[in-house]
Amino acid sequence: MDMKSATQKITKYSWTGLFLILFMLYIVRNTHPDLSDRQSRPIKFQRDTVVYDVSPKEKKRKGSTNSGVAMQRRGNLLYPMVNVTNFPRIDDLDEEECQAMMDDVIVAPAYSMPLTALASFPRSGNTWTRSLLQVATGYSTGSVHWESERNRQRVQEWFLAGTEDYMRQTGVCVKTHEFSIDHIPIFNNGAIILIRNPYYSVVSDYFRFFGGLKNISRNQLVESMESRNDHWTKVLLPQFQRWKLTNINWINNCKRLLVVFFEDLERDPVRELTRMVTFLGQPLSPRRIMCAIYNFRPMEAHRSHMNFDPYTPEMHAILDSYIQEVNKTLLQKGGNPLPTYEKYALT
């Protein structure tokens with residue numbers, strides 16, 4: 001075989017081999033669930049405007065807009081500049097339409113969502129907020145605590161992204177009650193921090209933990225609190241500290257943070273939910289936002305009201321000092337101050 005013929009043969013086989021390699025790569029990419037769905041949606045900061053590069057596979061939402069929304073930035077704190085004056089009224093909504101918006105909530109493709117935390121001290125409205133965000137965006141929410149929660153009926157029926165590892169990035173945001181310095185940077189798209197009056201959240205978590213998980217009757221728990229015995233008082237200081245550290249650590253160490261006060265979400269859910277959807281970079285649909293509120297009304301009725309103050313003067317002094325520390329941290333960052341908290345509303 002002469003040199004020219006050999007060269008022609010090599011060239012022929014090289015092109016054939018290259019074609020086979022490219023064909024195999026195409027097959028792998030379009031049959032492997034993680035690779036075929038892997039999409040990035042980076043945030044581009046343009047001064048105070050946040051703009052998303054929307055994926056071509058983005059699910060179309062009726063009445064949505066993908067245009068950039070102005071953000072006021074104060075250090076690491078972001079304040080979306082939203083206008084909700086032209087949103088439809090609750091009375092104008094159709095029950096069938098709002099139910100349909102609950103039914104079409106989907107789990108996002110693997111690795112298509114940036115990691116954004118929905119952080120809070122327990123009993124600060126995290127579950128309620130997840131439900132609101134799911135209807136408002138059309139996407140399910142995940143959970144850092146997925147391994148202990150994935151077998152719960154409510155998770156399997158409603159919080160579907162919470163049945164799998166949150167690092168697969170299938171949730172529009174991720175529930176977390178963690179607050180360690182190592183945990184916070186995992187969320188490369190930042191976090192929404194929900195802050196609630198600790199006088200209420202600590203009491204609510206006491207009922208949740210000892211009543212719901214330890215099967216102690218409500219009457220026994222109320223008696224323990226009214227008498228201020230050791231069963232109640234011993235849990236308070238660690239819980240007070242946890243409330244403080246949850247908020248201070250996220251405020252100080254999260255590079256991109258939206259602060260939402262639970263009391264504001266109760267009082268003005270339309271505005272606060274719109275701020276959260278904007279922060280998440282999701283298309284704004286006024287009808288979806290209003291249907292979210294239609295389906296999941298404010299949770300004020302779920303407070304654990306009692307006809308006595310369960311806190312001693314010493315407990316009040318400690319908790320008030322922690323509230324002042326969190327407020328000071330917010331102000332030092334240029335943020336809005338905490339609401340004026342009730343000590344405990346007696347009924």
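Guide: A charge sits over a ring if NZ of Lys or CZ of Arg is within 6 Å of the ring centre and within 35 degrees of the ring normal. Here the charged end of Arg218 sits over the ring of Phe207, 4.5 Å from its centre. Arg256 lies over the face of Phe279, at 4.0 Å from the ring centre. This is a predicted model, in which local features need pLDDT of at least 70 and side-chain atom pairs count only at pLDDT 80 or more, while totals for chains, interfaces and linings use all residues. Residues are numbered from 1 along each chain as its sequence is written, and side-chain values use heavy atoms, with hydrogens and water left out.

Visitor: How many aromatic pairs does a search of the whole structure find?

Guide: Rings of Phe, Tyr and Trp (its six-membered ring) pair if their centres lie within 6.5 Å; planes under 30 degrees apart count as stacked, over 60 as edge-to-face and the rest as tilted. The search finds eleven such pairs. One of them, Tyr166 with Phe187, is stacked, at 6.1 Å centre to centre and 20° between the planes. The two residues are 21 residues apart in the chain.

Visitor: Are Tyr166 and Phe187 buried or exposed?

Guide: Buried means under 20% relative accessible area, exposed over 50%, and partly exposed in between (1.4 Å probe, protein chains only). Tyr166 is buried, with a value of 13%, and Phe187 is buried as well, with 4%.

Visitor: Why is the pair of Phe240 and Tyr311 tilted?

Guide: The ring centres of Phe240 and Tyr311 are 6.1 Å apart and the planes lie at 40°, so the pair is tilted. Phe240 and Tyr311 are both buried. They also belong to one aromatic cluster, together with Tyr199, Tyr206, Phe207, Phe210 and Trp232.

Visitor: Which residues have the most contacts inside the largest nonpolar core?

Guide: In soluble globular proteins, nonpolar side chains tend to be buried together. A nonpolar core is a set of buried Ala, Val, Leu, Ile, Met, Phe, Trp, Tyr and Cys residues joined through side-chain atoms within 4.5 Å. The largest one has 48 residues, and Trp232, Trp250 and Tyr311 have the most contacts inside it. A second, separate core of 42 residues includes Val270, Leu280, Leu284 and Ala292.

Visitor: With which side chain does the side chain of Asp320 make a polar contact?

Guide: A polar contact is a pair of N or O atoms within 3.5 Å; within protein, one must be able to donate a hydrogen and the other to accept it, and residues adjacent in sequence count only if both atoms are side-chain atoms. The partner of Asp320 is Lys343, at 3.0 Å. Asp320 is buried, with a relative accessible area of 17%.

Methods. Helix = DSSP H or I, 4+ residues; strand = E, 2+ residues; numbered from the N terminus.
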